[in-house]
Amino acid sequence: MPAESNKSMPQVVSELWGLSKDYARQETIEPLRGVGRYISMGFAGSVLGSFGIGLLLLSLLRALQTETGTTFHGNLSWVPYIIVLIVGLAIGGLAASRIKRK
């Protein structure tokens, strides 16, 4: 049998409450902070990466429209848009293919 304790019932309840609160903080709140940082950095990286790829696609469109001479003028003025769309879809497909499930 355990040795008798000189603690009253309110003291035991108070200690139990403190231990439970500390345990909950240690096992839930602190790991969630780490996950929050991980998610926020991933979100920021994806937003900035998407913005950069969008600017690169826009620069490709402008280069095709201005640097190809008269190749894409008149009835063929829509071709640079299709080329940029295909390149954008290829980049998106490449990114989607890199996503792996465990």
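Predicted model: local features only at pLDDT ≥ 70, side-chain atom pairs only at ≥ 80, totals over all residues.

Q: Let's start with helix 2. Which residues does helix 2 cover?
A: Helix 2 covers residues 79–97, and L89 is one of its members.

Q: How does the span of helix 2 compare with what its 19 residues should give?
A: It agrees: at 1.5 Å a residue the 19 residues should span 27 Å, and the end C-alpha atoms of helix 2 are 27 Å apart.

Q: OK, and which residues of helix 2 are buried?
A: V79, P80 and V84 are the buried ones. Looking down the axis of helix 2, its buried residues fall within an arc of 140 degrees, so they line one face of the helix.

Q: What do those buried residues pack against?
A: They pack against helix 1, which is residues 9–66.

Q: And which residues are exposed on the other side of helix 2?
A: I86 and L89 are exposed over there. The relative accessible area is 52% for I86 and 57% for L89. Both count as exposed because the cut-off for that is over 50%.

Q: How far is V87 from T66?
A: V87 and T66 are 18 Å apart in space, C-alpha to C-alpha, and 21 residues apart in sequence.

Q: Switching to the surface. Which residues form the nonpolar patch?
A: The patch is formed by L76, W78, Y81, I82, L85, I86 and L89. Together they have about 730 Å² of accessible area. Of these, I86 and L89 are in helix 2, as we said.

Q: New topic: charges. How many salt bridges are there?
A: The count comes to one salt bridge. The side chains of R25 and D22 meet in it, at 3.5 Å from N to O.

Q: Why would two side chains pair up like that, in general?
A: Side chains of opposite charge can pair when their charged atoms come close.

Q: And how are R25 and D22 placed along helix 1?
A: R25 and D22 are three residues apart in helix 1, so about one helical turn separates them. As a general point, an α-helix has 3.6 residues a turn, so residues three or four places apart point the same way.

Q: Last one: are R25 and D22 buried or partly exposed?
A: R25 is partly exposed, with a relative accessible area of 39%. D22 also counts as partly exposed, at 42%.

Terms used
Residues numbered from 1 in each chain as written. Heavy atoms only, no water. Patch = residues over 30% accessible without salt bridge, like charges linked within 9 Å, V, L, I, M, F, W, Y side chains within 5 Å. Areas by Shrake-Rupley, 256 points an atom, 1.4 Å probe, with all protein chains shown as cover. Salt bridge = Lys/Arg side-chain N within 4 Å of Asp/Glu carboxyl O. Helix = DSSP H or I, 4+ residues; strand = E, 2+ residues; numbered from the N terminus. Buried < 20%, exposed > 50% of the residue type's maximum accessible area, 1.4 Å probe, protein only. Expected span 1.5 Å × (residues − 1). Arc of directions from axis to C-beta. Contact = heavy atoms within 4.5 Å.
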